[in-house]
Amino acid sequence: SQMPHSILLMHFALYPSPEEGWQIYSSAQDADGKCICTVVAPAQNMCNRDPRSRQLRQLMEKVQNITQSMEVLDLRTYRDLQYVRDTENLMKTVDGKLKTASENPRSLNLKSFQELKDKVTQLLPLLPVLEQYKADARMILRLREEVRNLSLVLMAIQEEMGAYDYEELRQRVLLLETRLHSCMQKLGCGKLTGVSNPITVRASGSRFGSWMTDTMIPSSDNRVWSMDGYFKGRRVLEYRTMNDFMKGQNFVQHLLPHPWAGTGHVVYNGSLYYNKYQSNIIIKYHFRSRSILVQRSLSGAGYNNTFPYSWGGSSDIDLMADENGLWAVYTTIPNAGNIVISRLEPQSLEVLQTWDTGFPKRSAGESFMICGTLYVTNSHLAGAKIYFAYYTNTSTYEYTDIPFHNQYSHISMMDYNPRERVLYTWNNGHQVLYNVTLFQVIKTAED
């Protein structure tokens with residue numbers, strides 16, 4: 001007997017937002033006996049909700065309060081000490097005059113008595129200073145007690161945490177994430193059913209632009225590339241890691257031999273594929289050798305704002321990659337401005353196959369490919385949703401209703417990364433990620 005297909009609803013969350021804590025990846029078994037697949041993967045911020053973490057945060061606040069009190073004490077003591085030093089000579093003078101008066105009372109006339117009285121009056125402000133000193137001494141006793149309590153709590157936490165080798169735990173987390181990546185790739189393709197809340201990675205650059213990581217599967221390349229602007233640009237910034245991109249550090253610059261048009265660029269297997277400015281030529285630029293490997297005209301494709309997305313920006317030709325390879329999304333005059341999808345050969349840039357979706361490109365906000373399916377948004381502005389899907393494997397289409405939160409209200413680039421299974425977007429000068437939920441039908445070995 002044949003095993004039934006296993007139906008799995010998979011939620012991918014490689015870049016959890018700070019408040020999400022532990023990530024659970026799971027499906028459910030139904031009454032028909034369809035299989036379960038469950039993966040539990042701790043995210044990088046797994047310790048955020050640990051009680052020890054909360055204690056440490058409270059300790060840090062106490063230390064900050066104590067530090068501020070010490071600074072105030074230090075400033076006050078320094079100021080008062082200066083005053084005491086200034087009055088030192090005055091006190092010696094008064095002391096000398098009193099000594100003389102006591103030894104020789106006859107020497108104390110009206111004039112010298114008045115002088116002595118004036119000198120003592122000048123010493124009167126010393127009394128509140130000394131009172132302040134006594135109050136500060138009491139505060140120091142309280143601070144000493146606070147520091148003693150802090151030390152005891154820190155020792156208790158240290159003893160508790162000493163039982164764990166956190167470096168070993170970190171390595172195990174990294175191993176789990178690697179295995180999760182591998183598991184996700186084996187799950188194969190699926191149909192998009194949901195998009196997560198946006199995760200803002202960084203705010204940089206102008207209103208329009210694109211950013212990406214390598215879309216090749218498998219790939220160990222962790223570099224991030226950023227291309228600011230939508231026309232005449234030649235400067236590509238290459239960051240070593242996602243963390244470096246978030247901080248804006250550790251980057252090198254590539255100056256492209258030819259300027260780009262639009263924001264529909266893609267990095268695939270170590271090369272940047274982009275549309276050459278004021279042409280329908282696609283260029284393959286290799287990052288490591290810093291050279292053009294191939295360039296080829298996309299026959300009949302509109303360019304220079306002939307058939308852009310609704311936001312304009314010379315977005316006539318949109319290059320993208322998914323689990324099935326490299327794609328170009330564009331349109332031509334014979335296709336009457338409807339979106340055309342072509343699968344490209346990555347080495348030669350030859351067109352392998354083409355589909356006419358029948359969907360007007362100027363009505364689309366943005367589009368992206370997942371598992372051979374083109375998903376189209378109805379707008380680039382606030383309130384946008386994914387409302388059209390074209391399936392290249394069956395040459396059919398359907399209207400969808402998949403909402404997503406367009407947080408910054410102006411998307412000028414939206415591309416899927418099959419290696420990480422997230423959507424990369426450039427939204428009004430913000431670099432934003434979305435996790436995706438795919439509905440998958442997994443065939444068993446007996447099928």
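This is a predicted model: local features need pLDDT of at least 70, side-chain atom pairs count only at pLDDT 80 or more; totals for chains, interfaces and linings use all residues.
Figure 1. When neighbours within four places in sequence are left aside, Met 246 is in contact with Val 201 and Arg 202. Val 201 is 45 residues away from Met 246 in sequence, yet their C-alpha atoms are 6.1 Å apart in space.

**Figure 2. Leu 108 in the loop between α1 and α2.** Helix α1 covers residues 51-103 and helix α2 covers residues 110-123, and Leu 108 is placed in the loop between them. With a relative accessible area of 37%, Leu 108 is partly exposed. Residues up to four places away in sequence not being counted, Leu 108 touches Ala 101 and Phe 113. The C-alpha atoms of Leu 108 and Lys 97 are 9.1 Å apart, and these two residues are separated by eleven residues in sequence.

**Figure 3. The hairpin of β12 and β13.** Strand β12 (residues 281-286) runs antiparallel to strand β13 (residues 291-297), and six bridges join the two. Ile 281 has Ser 297 of β13 as its bridge partner. Four residues lie between the strands of this hairpin, in which Arg 290 takes a positive phi near 50°.

**Figure 4. The hairpin of β22 and β23.** Strand β22, formed by residues 411-417, pairs with β23 in the antiparallel sense over six bridges. Asp 415 has Tyr 424 of β23 as its bridge partner. The two strands form a hairpin with four residues between them, and Arg 421 in the turn has a positive phi of about 55°.

**Figure 5. The buried strand β23.** Strand β23 consists of residues 422-427; six of its six residues are buried, so the strand is largely enclosed by the rest of the structure. Val 422, Tyr 424 and Trp 426 point one way from β23. Leu 423, Thr 425 and Asn 427 point the other way, and the residues of both sets are all buried.

**Figure 6. The largest cavity and its lining.** A search of the whole structure finds one cavity of 30 Å³ or more. The largest cavity holds about 70 Å³ of space. Its lining includes Trp 211, Met 212 and Thr 213, together with His 265, Val 266 and Ala 321. Strands β6 (209-213) and β22 each supply at least two residues of the lining. The most is given by β22, with four residues. By class, the lining has seven nonpolar, four polar and one charged residues.

**Figure 7. Overview of the chain for orientation of the close-up views.** The chain contains five helices and 24 strands. Of its 447 residues, 44% are buried. Among contacts between residues at least 6 apart in sequence, 57% join residues at least 24 apart. The accessible surface comes to about 23700 Å², and 54% of this surface belongs to carbon and sulfur atoms.

Methods: Residues are numbered from 1 along each chain as its sequence is written. Side-chain values use heavy atoms; hydrogens and water are left out. Buried means under 20% relative accessible area, exposed over 50%, partly exposed in between (1.4 Å probe, protein chains only). Two strands pair if DSSP finds at least two bridges between them. On a 1 Å grid over the protein atoms alone, a cavity is a set of points where a 1.4 Å probe fits but cannot get out, and a pocket is an open set with protein on both sides within 12 Å along at least five of seven lines; lining residues have an atom within 4 Å of a point. Grid points are joined across faces, edges and corners, and a volume is the space filled by probe spheres set on the points. Ala, Val, Leu, Ile, Met, Phe, Trp, Tyr, Cys and Pro count as nonpolar, Asp, Glu, Lys and Arg as charged, and the others, Gly among them, as polar. Contact means heavy atoms within 4.5 Å. Accessible areas come from the Shrake-Rupley method with a 1.4 Å probe; for residues, only the protein chains shown count as cover.
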